Structure formats: C-alpha cells, structure tokens
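Here is a friendly walk through the model shown below. Have the sequence and the structure at hand as you read.

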Amino acid sequence: MNRYLVPLAVFVVLVVLFRIGLEHDPHLVPSPLVDKPAPVFTLPDLRNTSASINLSALRGQAFLLNVWASWCVECRNEQPVLMELAQKRKVPIYGLNYKDNRAEAIQWLDHYGDPYVKSAFDQSGRVGIDFGVYGVPETFVVDREGIIRYKHIGPVTPEVVNDILLPLLSKLEHPST
Amino acid sequence: MKAGQILLKFRRQCRMVLFLGAAILSVSTMLQAADVPFEFKSPEQEQRYKELTEQLRCLVCQNQSLADSHADLAQDLRNEVYRMVVQGQSDQEIIDFLVKRYGDFVLFNPPVKTGTVLLWFGPFLILFVAVLIVVRYTRKNARQASPELSNVEQQRLEALLKRPPDGESG
Amino acid sequence: MIPELGHFALILALCMAVIQSFFPIAGAARGNVAWMSLARPAARAQLVFLLIAFGALAHAFLVNDFSVVYVARNSNSLLPMIYRISAVWGAHEGSLLLWVVILGLWTVAVTIFSEPLPEQFVARVLGVMGLISTGFLLFMLLTSNPFLRDAFPPADGADLNPLLQDPGLIIHPPMLYTGYVGFSVAFGFAIAALLGGRLDMAWARWSRPWTVMAWVFLTIGIALGSWWAYYELGWGGWWFWDPVENASFMPWLTGTALIHSLAATEKRGVFKNWTVLLAICAFSLSLLGTFMVRSGVLTSVHAFANDPARGIFILILLGIVIGGSLILYAWRAPGTLISSSYGLFSREMFLLVNSTLLTVAMGAVLLGTIYPLIIETLGGKVSVGAPYFNSVFIPLMAPLVIVLGIGAWSRWKADEWNRLWQHLRFAVFGSIIIGILLAAMLSGPGALRTALGVALACWIILSTTTLFYSRMHSGPDLIKTLKTQPRGFYGMCLAHIGFAVTIIGLVVTSNYSTDLHKRMKPGDKAELAGYTFELAEIRTIPGPNYQATEALFRISRSGKHVTELHTQKRTYSVRGMPMTEAGIGPGLTRDLYVSLGEPLGDGDWSVRLYYKPFVRWLWLGALLMASGGLLAVTDRRYRQVRLQATDPQEVIDGGAAIKS
C-alpha cells in the first residue's frame, strides 16, 4: 500500500512548492553585493558639468543610492516618497542617473522633484553594471563604511520606507541600539 | 505597488524584445542600437565571445541568453564581454566579473554547489530508483503470475471476443 | 447584447457541466440508469452553449466591439480580419474559453463513439470530464471572464501583440490544446476503471485510440510551436527549454510512454497499475502546464497572466483533480491481479524499459523546470537553462533509441537473444559503419556527437526497415500480405522512422549551424558556409497596420544564383512595436536565413545571416510521427463496432469479478 502513495506524496510536495512560489516574483534577482563594499566610482555631477562625485568620499554616514532615469515611468511614482524621505526624515539620498540625456534628466528633476544631495551622471551605464543594476528604479542602502546593506528593486513605496528602509538606516546610524 | 508589477514593464519589454530592435516606452533619444555587430581580430576570439554570450542569461528577458536578447542591458553586457575578450581576459575572469555583480543567476548552467547538488544528481537518482523498481517488479511478476491459458482455452476466448488471432505486432 | 448572451451561455454551460458531473457518477455508484443516461445529453447541451459563447466572443472581435474589455485589449480596427479571429485565443481569458470548448468537443466525441462500451463505464468517463469542465468554467466565470464590459469603451483597441499576428499562431494553440485536453479522455477512462474496479485489457483497448489521437495533436502542436518560433522570432532558434515549452513537452513524453504501456496492457494484461498511473500523470501534467502559464510562478516569455489570485484558484483545481485521482489510485490500484508473466527478453520488458526511460526523462525535465522555484523557497536564486536540460536529457534518450530498435522486433512473452541477433545483425553493423564513416568524414567540434546521433537514428531506420521487409516476405503473395497487415504495424513503422528523422535534424542542426552578424549596406557581400549573401537593396513598404523597411538579399554559391530572400523590419502603428520578419530560403538539406536588424547610421544596417543544415528534418520527423499515430488509430480492431467488453480471466473463471 505504501508505495502506491508515493505519487500522491510527490504531488503534495509540488503543490506546497507552487503555493509558496505564488508569493514570490520569479523576476527578482537578489544582489550578490549585499554586505560587500559598494563599487567605487567617480562620475560627473549631473547638474554641474565641471564637478565630479566620488563615492568613496561619502563615508561617515549611511545613505541611499537611488538609480533613476527620465525615461523611467515608475520613477515618477517613486519621487514623492523620496522627496518626503529626504526633506522630512533628513535621509541623505544620492542619485545615479542611468543611461540618460543630461538636459532631459535635469528637466525631469525640476518637474518631479529633486530629493538628491547630488546626482551622478552615468551616461554609459557602466557604473550601473558595477552595481548589478538590471532595471530602473533600484535603491541601495549603503552604510557609514561604504558597505552595501540592502538593495530594493522597483520603486520605493511608503511601506518599503516604513518597514525596511527607516529601521535599517536607524540601525546603521546607531549600531549599539 | 509591488516590485512584480514594476518589473512587468520589463516583461512587456521582453515580449517586444523577442525580436530585433527593442523600443522601451520612452521618449529618450539616448537609446543605443540594441544589436551592434562586433569586429574580432581572430576567429578564436569570435568563437569565445559567442560561447560566452550564449551561456550567460539576460537579466531583463530572463529566458534568453545574452547572445539572443535585444534588451538594452543585454547589449551593454555584450559590450562588456566583447571588451574583456579583446583585452585578453580569460573565460573564467569574464564569468567571475558578471557573477560578482549579478550573482549565479546570470549563468545558464548552474554551478555545481551544495545548492544545486539535487539538480545535477536528481535525474540519475530518479533513473536509479526507476531501475530498482523495474527490477523488483519484474522479479515479482515472474513469481506471482496467474496460470497461463491453455491452447484450448485460448481458442475459446478468441471465439468469444471475435478478435484477430494473436501474433500481430502493435 | 451579444456579449451578454455569450456570458449567459457560459453560465448555462456550467449548469450542464454540473449535471454532467454529478448525476452520472452518482448514478454509476448507485446503479441508477436514469441518472447515468443524463451524461450524454448534458455533455451535448454543454457543447452547444460553449459554442454559443465562443461565437459571441468571436462576433465581438469581428465587429470591433471595444466595449468588451478583452476585445479592447487584444484587437484594433486596423487588425486584418483573420487575426481578429485568432485574437479570440490570443490572451488569457479567450484561450481559456478555447480550452473549455475543445474539452467539450472531445467529450461529445466520446458520447458519439462510445456506443459499444458499458453504460456504467461511459457514465463515469463523462462524469469525470464534466468535473474538469465544471472546474474550468467556474475559474472562467469567477476570475477570467472574457465578456466583461467597459462602461467607457476606448475609441480603438490596443491591438493584438504583433508577435501573434501570424498564421502559425492561428493554428498552434488550437492544435496544442486539442492534444493537452485530449489526454483528459485517457484520464477519464483511467478514473472510470479505478472507480469501477475493473482494470483490464478491455479498458486498455478502449483507451488506446483516444490516447493516440490526443498524442497526435500534441505532437503537431509542439512541432508547430517550434517551427513558428524558428521563423518568427528572428534568430533561428527552435527550442529553448522555456518553462512553458517544457510544460507541453512533459505531457508529450508521458503520453508517449502511455501509448506504449497501453499496448502491453491491451495485448497481455501487464503493467495495469503503471498504465493507469501514466494516464493520470499525462493529464495532470497538462493541467500543471495550464497552471504554470497562467500563474506567474515561473519566468517565461510565454506567460499569459501573472495574477497570483488566479494562480491560487488553479492550484486548488489541480489539487482536487490530481490529488483526488492519486488518492483513488492509491486506494484502488493495489487490488488488481497480475495477469501474465513475461521473460527478460520479451516485448513486454522492452516496452517497460522504454516507458520507464521516457518517464525518467520527464522527471528530469520537471526537476529542471521547478528547480528555480525550490531554490527560491529556500532563499536562494539559481537559473536552469538549455545547457542543463541538454546535458541531462540527451544521455537518457540514447538507451531509449537502442531499446526501441530491439523492442520493435521482439516477441511477446518470451524471446531469445539468438533469434533477435539474427534479425538485428544487419542493422547493428549498418549503423556502426555509418557512425564510423561519418566520424571520419565530418570535421569540427561537433563531429563525434553528430556521428553518434546520426548512427543511432540510422539504427532505428535500419531496424524498422528490416522489420518491414521481413514482414512483407512473411507470406507468399506480397500484395495480399501488404493488405492484411494491421494498420497499427504501418503506423508504428512510420512513427519510429519519424522519430529517427527528428533525431537526425536535431543533431545535425545543433552541431553544424553557423551564423554571421555583420554591418552591411546595399552592395555589400558576406560569405557564410560557402554561400555568398549580397545585400541588394533596402526599401520601405507599407502594410495594413505597420510600416516596413525591407532588405533584399541575393544569395549565390560558386557564382551560381541560388535564391532571393526578403527580410523586413516592421513597426506596428498601434503598439509602436518593432518586429523582424526573417527571410528564409528553405531546403531539404539546409535552410538559409537572413534577419534585418537596426540601422547603424551611414546607411549601414545590422544584419544576421544563418546557415541551418537539416533543420526541416525536425518538423518533418514530427509530421511523420503524427501520421504514424493517425494510421494506428484507424486500425480495424478499433473500428469493430461490436466489441465484447470482457476480460479473459473473467470468462474463464465464469465471471468471478476482480476485486471491486
């Protein structure tokens, strides 16, 4: 009798697997860079063509690195959330403008809001590749020593801010608590 | 909005991108041509490039290789592979470069690690179990079979069933 | 008005399906003839309502009724008429409707061709099929209604995805579904046999033609999908081990195992439990495929809908249908007696080995397909692609091919190695010689693999043709012998040769295809595989709902003109989607393939050129396999109207029933 139950057992395992699978999005690719140093880069500042942004100079404070572009439809939805994060919660957000047109990017910021301390202009997308960017928008949480602690794929929503980003940032700023 | 719905944008891109010339829903003029042919110094280099891009997965259109996909990111990554091949880096170095940034997911051939042991040995395990079952069943069958019909009984049976005599194939 | 009619017809179809499920099965259990006799009329009524619903949806497309949400999403006033019809099944809701309609057609076919079968058995079969229909109709009405209306209809629709605006896509889904859904008949037969407690040779005889017919459609459906991908997607690929392709391939593998196992059960009464399990598996895998395509669980370029809510519903449906049938199996199967014995060198043994190998292959494909899901559940991320499947699947096929050649010659019950060797000697040596010759003559990295693959295929061809030849000479009069052979025999030979042809196509094209990716402008020439491709001119061509740029290629070989190929890059006006139509020069021994890419500036274009040897053999072989199956189905013993539905053992023991 037992061996006739084997097909049923296999099937039950499959169903459980699929049930769990329905909760996941198979397209999400987790980043292998979590808990590793953020790739060092030097890129021109988006607004100021003569200045440049050097990531390794951003030590001493945890910050968010948000990958965005003027051609990215979902980024528009994310902008108000980032604005609130930057202005009300005083979270430093740096932008990585990915494969964009400078003039259009600046215009976009003026229209939708500019929460960034500064935006780096990654025209070729090469720095994006170093960060393992495969879609826009994406947001990285980097700690005071320049280590990536979290990557969020897709636009930042208020839930993500409250449930993940703020607690994590608070922990990174005050490691003893 | 769930990340899944956001990435729906890219899934739509992939459906469009199943053929040459992906055009993202955008007005940007910065889009590069998504299918630039490369020049190689030698056929070996070209072959290496081909093989590498065929075993690497496109992160956007996730069921296509870097070679086949026309997503922008695929073109960018092809550029990188081309650059590294021409620079003389080894296959392993190029693969490591991409895995470091995108994880094991970028490989079509999953590496044999603890996580994938079941995957690589699974089929052979299934085969082994199947062979065992077949052997056991055959032995049991040889022991337990009910008595065969005698010739007379066989003829009676055939008359009753009105079916063609045995000995045909099919 | 008409869409509402269609909606109402669906509800009525559901009512009929419920009647078709409840009364016959309950009636069969209680011996209530009146209830059992409701099955046929309910099934026929259900089909009528389903056809009305389908007609209503088709009508909405034909008249461009964009107030129907489904039509607005998938059609457009510029869409050519014929694609408006195929748009009916172009997305989730409509394709579900097609699924249910096809199930209705199979069910009515069963009502028509089942006259000689016992009433109780037919009632159960129709009841089970009714249950499946009920499940799918509920799913449609509750989550995926194609007749939903938009209060503020758009002026024009969003157009059918340009990829689907193609003749191949008109016929591929219906063929595929006819195959998938057809396995529900074998499933119904299996459940009916388990419920009634009579798992016997008669059951196998009844099941077989239905199963083979479904298998034929599935073979054609898969081949069409592969051929379509080849000419439509623009880079000459024909199989990607994509999860949804695997979802159709797994039922096919199981179905092939099933038809061979049914042969043994029909002839010798062996493997009954195995055959029943295979019948349940084949249809279960069809349902699983439906789940995977429509739930978003796996990444696939084919995926229809990515709605977890729908996914849960289908999962529950799966759980009830498959879980229920496997519970029934675990409960009822142990009681069946084993009818006869067979030796190690018997046809039964070879059939068992092959159906096992096919099932193991199916298991390997299943493992690879769901493995990313397993790893994701455990918190990781891995991808499984073509290299894995190829390296696992192909080694499993090699022993299968070898046993096929031996098995076709073998005798039932007991055979001797010496006798087999006598007959197979020629084929063995022939294929070894061919293999060695090829290995010597071919060059390149794939030479040995190709030689091995072609040698194995020749083994099948030689074994089958020598079998055929020997059968032709088994009687004094050749014509008479040809006429009296059962069609099943011819079908088998044809199908096995088709399989060999597919193997040859597969092996040669995988190893010897070459391509070139170049920057060309009009007047440029490129060399590939001994052919010269000249880009003659580039011009613009308007189409019904697109704008196209066309490139004309002149291809020659050693100075002699071979063919002219046109390839277009189209931009579809509504969705703004660009698409490539490749130019293909077909041939029996090679395809030449050109594909226009992006403009690169300065009048240069990115162009891909392909040389694909023997690629047509892939689909030719599939066609031969399907033809073989069709021949086998029309065998006279299935057309015998007065089939006596008795089991030999019962007759001998004076009607002592098998444990029920």
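In chain B, residues 24 or more positions apart account for 51% of the contacts with a separation of 6 or more, a contact being two residues whose C-beta atoms, placed from the backbone, lie within 7 Å. This is a predicted model, in which local features need pLDDT of at least 70 and side-chain atom pairs count only at pLDDT 80 or more, while totals for chains, interfaces and linings use all residues. Residues are numbered from 1 along each chain as its sequence is written, and chains are lettered from A and ligands numbered from 1 in the order in which they are written.

Chain B has six helices and zero strands, where helices (H or I, at least four residues) and strands (E, at least two) are DSSP runs numbered from the N terminus. Its pattern along the sequence therefore reads α-α-α-α-α-α. Of its 170 residues, 34% count as buried (20 or more other C-beta atoms within 10 Å of the residue's own; exposed means 12 or fewer, and partly exposed lies in between, with C-beta atoms placed from the backbone).

**A helix pair in chain C**

Helix 8 (residues 167-196) and helix 9 (residues 201-232) of chain C have axes that come within 7 Å and cross at roughly 155°. Axes here are lines fitted to C-alpha atoms, for helices over the stretch in contact, and angles run from 0 to 180 degrees between N-to-C directions. That crossing makes helix 8 of chain C roughly antiparallel to helix 9 of chain C (over 145 degrees; under 35 is roughly parallel, 65 to 115 roughly perpendicular and the rest oblique). The residues of their contact divide into 23 nonpolar, nine polar and one charged. In this scheme Ala, Val, Leu, Ile, Met, Phe, Trp, Tyr, Cys and Pro count as nonpolar, Asp, Glu, Lys and Arg as charged, and the others, Gly among them, as polar.

**Sheets in chain C**

An open sheet of five strands has the order 2-3-4-5-6, with antiparallel pairing; two strands pair if DSSP finds at least two bridges between them. Strand 2 (525-528) and strand 6 (578-581) of chain C stand at the edges, each with a single partner strand, so one side of each has no neighbour in the sheet. On average, neighbouring strands of this sheet are turned by 25° against each other, direction ignored.

Chain C also holds an open sheet of four strands, ordered 1-9-8-7 and paired antiparallel. Its edge strands are strand 1 (514-520) and strand 7 (583-585) of chain C, each pairing on one side only.

| Strand pair | Bridges | Bridge partners |
|---|---|---|
| Strands 3 and 4, chain C | Eleven bridges | Thr532(C) and Ser556(C) |
| Strands 7 and 8, chain C | three bridges | Gly585(C) and Leu592(C) |
| Strands 6 and 7, chain A | five bridges | Thr139(A) and His152(A) |

**A hairpin and a loop in chain A**

The hairpin of strand 6 and strand 7 of chain A has five residues between the strands, and Gly146(A) takes a positive phi near 85° there. Pro155(A) is found in the loop between strand 7 (148-153) and helix 5 (158-173) of chain A. Is Pro155(A) buried or exposed? Pro155(A) is buried because 27 other C-beta atoms lie within 10 Å. The C-alpha atoms of Pro155(A) and Glu138(A) are separated by 6.8 Å, with the two residues 17 apart along the chain.
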